[in-house]
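Keep the view open as you read.

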Amino acid sequence: MKKMEEVEEKATKLADRLGLRKDYATVLLAENSWFSDMIAAIPWHCPPPVPGIYSLHQLGCPSDHHRPLSFTIMHRFLLKLSSSSTNPLRNSKFQRLILPSLNLFASGSPPPPSANPYSADSFRKSRAFSSKSRALGVRCISSEAGREAIEYDVVIIGAGPAGLSAAIRLKQLCQEKNTDLSVCVVEKGAEVGGHVISGNVFEPLALDELLPHWRQEQAPIEVAASSDKFWFLTKDRAIPLPSPFDNKGNYIISLSQLVRWLGGKAEELGIEIYPGFSASEVLYNASDEVVGIATKDMGISKDGSKKETFQPGVDIKGRVTLFAEGCRGSLSEKIIKKYKLREEVNAQHQTYALGIKEVWEIDESKHNPGEVIHALGWPLDPKTYGGSFLYHMNDRQVALGLVVALNYKNPFLNPYEEFQKLKHHPAIKRILEGGTVLQYGARTLNEGGFQSIPYPVFPGGAIIGCSAGFLNVPKIKGTHTAMKSGMLAAEAAFGALHEGSNMNTYWDSLRGSWVWKELYAARNYRPAFEYGLIPGLAVSAMEHYVLKGKVPFTLKHGKADHEATDLARKCKPIEYPKPDGVLSFDVPTSLYRSNTNHDHDQPSHLRLKDPKIPEKVNLPEYGAPESRYCPARVYEYVEDEEGKPKLQINAQNCLHCKACDIKDPKQNIEWTVPEGGGGPAYSVM
Amino acid sequence: MKILVAVKRVVDYAVKIRVKPDKTGVDTQNVKMSMNPFCEIALEEALRIKEAGFAKEVVAVSIGPPQCVDTLRTGLAMGADRGIHVEANSSFLPLTIAKILKSLADVENPGLIFLGKQAIDDDCNQTGQMVAALLGWPQATFASKVVVLDKDKQFATVDREVDGGLETLSVDLPAVITTDLRLNQPRYATLPNIMKAKSKPIKKMTLEDLKVDIKSDIEIVEVTEPPKRKSGVIVSSVDELIDKLKNEAHVV
């Protein structure tokens with residue numbers, strides 16, 4: 001009781017001195033010892049001689065209670081610090097930081113915490129102080145409880161096509177309107193482009209809008225698609241069919257290379273890109289708005305203790321935070337759940353496919369740059385949606401892959417082994433013979449299309465690219481829509497930060513753009529395959545030649561991928577042939593070609609919500625599907641000392657594909673981000 | 001005292017390499033490159049000595065194409081004070097590198113030169129030793145235990161990992177030390193440090209500035225992949241073993 005009274009008394013004094021509300025002061029003193037220490041250390045009696053600093057009177061004490069507490073305190077603190085005669089920083093370069101910061105806190109009116117998360121007010125009011133501080137190019141660095149915080153105007157998570165397009169667009173808008181915004185992109189891969197893998201027949205529509213002169217700027221886009229072949233594969237034959245694709249005007253590229261090039265363009269514009277840093281946590285403020293992310297602590301050993309190289313993560317705060325983590329982004333999924341972004345627009349769940357790809361260097365005589373081959377049928381059975389692709393790039397390289405929809409029923413299906421089978425098909429073998437594999441990789445992709453797009457705006461930012469899900473399934477292209485979504489979000493963010501509008505304009509501009517039109521027209525192709533391969537093909541043909549999406553109904557997706565798995569006892573195990581070491585390979589050999597690695601002495605980034613479920617449910621009831629669908633052999637059942645099977649997680653192998661997060665029947669596996677810099681190192685994928 | 005640390009930009013250790021089709025070397029196009037792990041350990045040790053108060057400045061040096069600046073930036077982010085980039089368009093053999101480092105040492109006058117014991121791309125294990133010989137300085141190679149400096153900074157005590165075990169040497173300064181794997185765990189370059197490193201100076205120098213003769217007496221004729229390891233054979237009896245050794249392997 002007595003202690004409370006003391007605190008109350010101190011709080012009253014403090015409130016008077018600082019012009020704070022008494023209840024704020026009480027809370028501060030009662031719960032933050034650092035605050036009382038700081039208050040005790042400030043020399044209150046010195047006048048502020050530093051020019052350009054407003055006095056307390058000019059600020060108007062009575063109106064203080066409208067301003068966020070932190071601002072008031074920060075200002076007072078800086079004021080006292082700069083004015084103290086014993087100020088050690090007086091003649092140092094840090095004085096440069098204090099002056100503008102003081103201006104920042106003194107002049108504008110910072111946003112009041114608003115109850116309505118989509119309020120236009122919060123962004124509008126921030127206009128004044130934002131332009132002042134950013135014009136001075138000051139990045140605020142503060143330190144709090146062991147973690148440093150760095151502030152930017154816009155923070156983008158993921159240096160992929162969407163993330164980099166958003167960053168570039170922001171800087172372009174800044175140049176147009178003669179202003180500046182600080183933009184930071186964090187990327188978990190060791191290099192920009194290191195985690196990027198895609199087919200890829202690239203439609204340059206969005207790039208033409210973003211960087212119209214890409215042709216003159218040595219963009220790695222050289223091989224124009226010259227032919228579109230479409231095969232129906234049986235075990236021995238490849239039956240040519242009329243191609244549903246029209247890739248005239250598109251290019252066969254390595255998306256990893258293109259993203260590297262985009263990264264270079266972004267850095268030229270002054271965007272700060274930090275590869276090797278994984279965003280492990282979303283930061284929220286007191287009003288539950290997203291204010292940024294925290295990077296993962298580095299140097300924690302397998303048992304959870306801190307190694308001698310321990311470095312705490314850093315808080316990277318942004319006035320707008322854009323999530324561009326790609327398909328099934330770990331933080332994006334959390335955000336979608338938290339703010340119920342799918343329910344917001346009555347969107348369905350997202351559906352996925354797993355793509356496994358290799359880049360081969362083949363015989364010159366078999367190489368035909370520009371040739372595009374897509375195939376359906378073998379080795380997949382009629383009930384499993386998926387297909388294969390083979391694209392001829394330049395330098396005698398071909399990209400070859402198999403995409404398997406993750407709503408397959410048979411838990412004994414092994415997409416990696418199906419891909420190895422594919423390579424033995426006569427039509428494919430003919431092309432690959434005499435060649436060598438350069439790289440291997442795998443990644444999941446969205447197949448939900450229009451029906452699964454969540455509301456992409458949340459308080460504090462937005463979700464762009466495949467993390468929201470804009471892949472056009474019948475075209476099997478998602479790069480151009482991801483880039484466009486990034487550009488639209490950048491325009492909305494610029495409006496919000498600079499002109500006082502609102503991030504919701506991102507949703508509006510999406511719906512008015514060609515992205516929406518494309519995805520709407522393409523919406524019924526994939527769901528039709530719920531009824532089987534033939535009905536699916538029939539509907540696809542109808543849609544492609546006649547309907548083009550102009551029907552009044554929208555077909556719905558079936559069960560969620562993880563629910564679609566049948567019980568093992570209802571399904572037949574599949575026997576896969578042994579790899580021959582020339583065309584087909586075992587997983588370790590392929591994995592080596594992905595250049596994947598993680599520091600082994602770190603806690604496993606694959607978390608089991610309930611550690612008993614693998615042995616209790618996955619193994620007996622579903623035959624341990626994770627040991628089959630993981631393209632990196634992360635999940636293995638080994639015998640423990642008592643001879644009982646136990647799940648062993650080889651987290652070091654992980655390709656960051658997210659298949660386990662999607663397909664685990666009880667959704668027990670949670671993919672979280674490992675230490676930055678780990679994972680695959682794709683360069684031509 | 002100044003410490004000079006030579007760092008090399010090499011193909012990342014986890015990357016699968018392949019030989020170029022024309023057999024002139026390893027294909028390094030579009031391949032992930034990073035700082036040689038032994039050079040990271042060398043830099044870490046130099047930083048620890050500086051933090052212990054025995055040195056004032058740590059200077060990182062790299063010799064190679066413009067992309068070496070990225071490697072130097074990583075070094076600066078770890079804590080080096082400034083960097084020197086010696087521009088070179090082709091890759092050099094250890095003797096040439098040693099000559100360049102000697103010229104630099106004449107200019108910079110460091111009290112210690114730290115190098116990694118070898119680079120993981122050529123596994124030469126020669127540069128450190130050659131630098132010491134050219135300069136006439138003492139050398140302590142394969143350093144495996146914390147290097148302790150005498151208070152007056154006149155000599156250093158180094159534990160070396162040699163074939164027979166551990167050897168403790170005392171070397172007068174200035175000296176050359178090359179670092180082995182178990183010496184330390186290099187620190188992570190944190191984000192704030194990476195940001196600060198952007199403003200640290202990296203001086204560009206050319207070979208003309210250093211007056212180094214780069215003519216090499218060694219020419220790489222051909223690079224090929226090692227022959228694929230054949231699978232083993234289990235023999236059923238000693239007679240069969242002898243027969244195979246005599247008639248197939250021709251070693252008996």
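How much area is buried between chain A and chain B, and what share of that do carbon and sulfur atoms give? Bear in mind that this is a predicted model. The buried area comes to about 2,300 Å², and carbon and sulfur atoms give 61% of that. On the side of chain A, A:Tyr274, A:Phe277 and A:Thr309 lose the most area to chain B, together 21% of what that side buries. If you count residues instead, 31 from chain A are in contact with 20 from chain B.

Now for the polar side of this interface. Between chain A and chain B there are three salt bridges, and seven residue pairs are in polar contact, with both residues at pLDDT 80 or more. Where do the chain A residues that touch chain B come from? The elements giving two or more residues to that side are strands E2 (147-157), E9 (272-275), E12 (298-300) and E13 (306-311) of chain A. E13(A) gives the most, with four residues. Sorted by class, the side of chain A that touches chain B has 12 nonpolar, nine polar and 10 charged residues.

For a salt bridge you can look at directly, find A:Glu308 and B:Arg48: their side chains meet at 3.7 Å, N to O. Side chains of opposite charge can pair when their charged atoms come close.

Next, move over to chain B and its sheet. Nine strands form an open sheet here, in the order E9-E8-E7-E10-E6-E1-E4-E5-E11, with mixed pairing. Strands E9 (165-172) and E11 (202-205) of chain B stand at the edges with a single partner strand each, so one side of each is left without a neighbour in the sheet. From one strand to the next, the twist averages 35 degrees.

Strand E5 (residues 82-87) of chain B runs parallel to E11(B), and four bridges join the two. To see one pairing, look at B:His85, whose bridge partner in E11(B) is B:Lys204.

Finally, back to salt bridges. Over all chains, the count comes to 49. One of them sits within chain A, where the side chains of A:Glu418 and A:Lys421 meet at 3.6 Å, N to O. Why are these two about one helical turn apart? Both belong to helix H14 (residues 415-422) of chain A, and they are separated by about one turn because they are three residues apart in that helix.

Technical notes: Residues numbered from 1 in each chain as written. Chains lettered and ligands numbered in written order. Predicted model: local features only at pLDDT ≥ 70, side-chain atom pairs only at ≥ 80, totals over all residues. Heavy atoms only, no water. Pairing = 2+ DSSP bridges. Axes fitted to C-alpha atoms, helices over the stretch in contact; angles between N-to-C directions. Contact = heavy atoms within 4.5 Å. Buried area = accessible area lost by both parts, 1.4 Å probe. Salt bridge = Lys/Arg side-chain N within 4 Å of Asp/Glu carboxyl O. Polar contact = N/O pair within 3.5 Å; in protein donor to acceptor, adjacent residues only side chain to side chain. Nonpolar A, V, L, I, M, F, W, Y, C, P; charged D, E, K, R; others polar.
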